[in-house]
Amino acid sequence: MIEPLYPPKPSPGDRIAVISPSRGLPELFPLPYELGLERLRKEFGLEPVEYPSTRRMGSTPRERADDIHAAFTDPTVKAVIASIGGDDQITVLPHLDRELIRAHPKPFFGYSDNTNLLAYLWQCGIVGFHGASVMCELGRPGAMAPLTERSLRAALFTSGAYELHPADRYRDVDLPWEDPATFAQEPPTEPGSGWYWHRPERVVEGRSWGGELEIVSWLLMADREVPRDLSAYDGCVLFLETCEELIGAEQVFRILRNMGERGMLHRFPALLMGRAKAWSFTRPQDADQKAAHAREQREAVLRALGMYAPDTMAVFDVDLGHTDPQLVIPYGGNVRVDGPGRRITVTY
């Protein structure tokens with residue numbers, strides 16, 4: 001592996017590229033998008049720069065790759081952030097110029113389907129940032145969650161160690177983006193339960209790799225952005241999360257089982273598992289159903305670890321990925337998991 005590079009950070013007043021490498025959902029849902037742009041300007045002091053496919057549904061993979069290249073090569077742009085995710089970014093990867101991106105490293109922020117681009121940057125030796133989209137985190141109704149705002153601000157503008165903390169309250173139920181009333185109120189939240197630790201007998205420190213579990217499984221199936229020599233993962237910290245499609249516990253187990261059969265899972269001495277997304281518009285589960293969904297997912301992960309990585313330490317319900325508030329995880333950056341101290345520290 002190339003020694004990982006943390007790209008130079010932007011400063012307030014700089015220009016930040018806003019791209020849609022997955023879907024141009026700003027065209028369909030302008031309210032959270034415009035709110036996110038406004039917060040970038042007013043609360044973070046950054047000037048958003050849009051590209052041809054940023055607000056356009058149906059852009060081709062080549063067109064989206066062109067926007068990625070333009071964002072990374074523009075010397076006046078100091079960072080890049082995704083508007084939102086989607087489901088076909090894997091088709092964009094073959095159109096990317098690895099040497100061009102290596103020659104113009106910049107901080108990239110995104111998650112969900114943007115796991116594709118983050119894994120691509122990992123292979124380029126560039127540290128990315130798993131978290132913070134314009135429409136979801138910056139465009140959150142009411143106000144940005146304080147835990148999210150602090151994490152994003154630190155990841156954007158500062159370098160060095162940043163300790164993560166569990167949320168006192170979190171939101172799982174979403175409100176409709178097409179309704180202006182959604183953005184005039186604080187969304188409903190529920191009490192957090194802290195992190196659940198499994199095998200916390202040691203301290204693990206290493207580079208991170210992972211992202212949304214479903215996208216990781218697609219990358220593995222397509223044999224994309226996975227090093228030929230799996231020893232590149234030795235000592236790394238795996239982090240995973242699931243999305244609003246609410247995949248079942250058995251599917252979670254099978255994906256991890258396949259990673260185990262491929263000889264991957266045991267290479268990670270620590271796993272951070274994001275809080276399971278347990279509500280969606282298509283499956284509006286009640287409190288008991290949500291609790292069962294999260295419990296069954298944890299049991300599935302522990303079953304896979306027991307079979308393939310029995311010594312791996314795991315932390316569950318970490319506020320990463322499809323949850324609110326959301327902590328930014330440096331993708332390919334340093335993560336320290338202190339089991340005895342029950343502490344997680346990342347390096348931005």
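Predicted model: local features only at pLDDT ≥ 70, side-chain atom pairs only at ≥ 80, totals over all residues.
Strand S12 (270–274), helix H9 and strand S13 (313–318) each supply at least two residues to the lining of the largest cavity.

**The cavity**

The structure holds one cavity of 30 Å³ or more, and the largest cavity has a volume of about 70 Å³. Around this space stand Met273, Gly274, Ala276, Ala294, Gln297, Arg298, Phe316 and Asp317. H9 provides the largest share of this lining, with three residues. Sorted by class, the cavity lining has four nonpolar, two polar and two charged residues.

Let us turn to the open spaces.

| Space | Volume |
|---|---|
| Largest pocket | about 1,000 Å³ |
| Second largest pocket | about 250 Å³ |
| Largest cavity | about 70 Å³ |

The largest pocket is lined by 43 residues, and those nearest its centre are Ile84, Cys136, Asp174, Trp177 and Glu244. Helix H5 (134–138) and helix H7 (213–222) each contribute at least two residues to the lining of the largest pocket. By class, this lining divides into 16 nonpolar, twelve polar and 15 charged residues.

The second largest pocket has 16 lining residues, with Tyr170, Glu190, Ser193, Arg275 and Ala294 nearest its centre. Strand S8 (190–191) and helix H9 (287–308) each give at least two residues to the lining of the second largest pocket. H9 gives the most here, with five residues. The classes in the lining of the second largest pocket come to seven nonpolar, three polar and six charged residues.

**A closer look at Gln89**

Gln89 sits in the loop between strand S3 (77–82) and helix H3 (98–103). Is this residue buried or exposed? Gln89 counts as buried because its relative accessible area is 1%, and the cut-off for buried is under 20%.

What surrounds Gln89? Apart from neighbours within four places in sequence, Gln89 is in contact with Pro21, Ser22, Asp113, Asn114, Asn116 and Leu117. With Asn114, the side chain of Gln89 makes a polar contact of 2.8 Å. Thr115 lies 26 residues from Gln89 in sequence, and the C-alpha atoms of the two residues are 8.8 Å apart in space.

Key
Residues numbered from 1 in each chain as written. Heavy atoms only, no water. 1 Å grid on protein atoms, 1.4 Å probe; cavity = no way out; pocket = protein on both sides within 12 Å on 5 of 7 lines; lining within 4 Å. Points joined across faces, edges and corners; volume = space filled by probe spheres on them. Helix = DSSP H or I, 4+ residues; strand = E, 2+ residues; numbered from the N terminus. Nonpolar A, V, L, I, M, F, W, Y, C, P; charged D, E, K, R; others polar. Buried < 20%, exposed > 50% of the residue type's maximum accessible area, 1.4 Å probe, protein only. Contact = heavy atoms within 4.5 Å. Polar contact = N/O pair within 3.5 Å; in protein donor to acceptor, adjacent residues only side chain to side chain.
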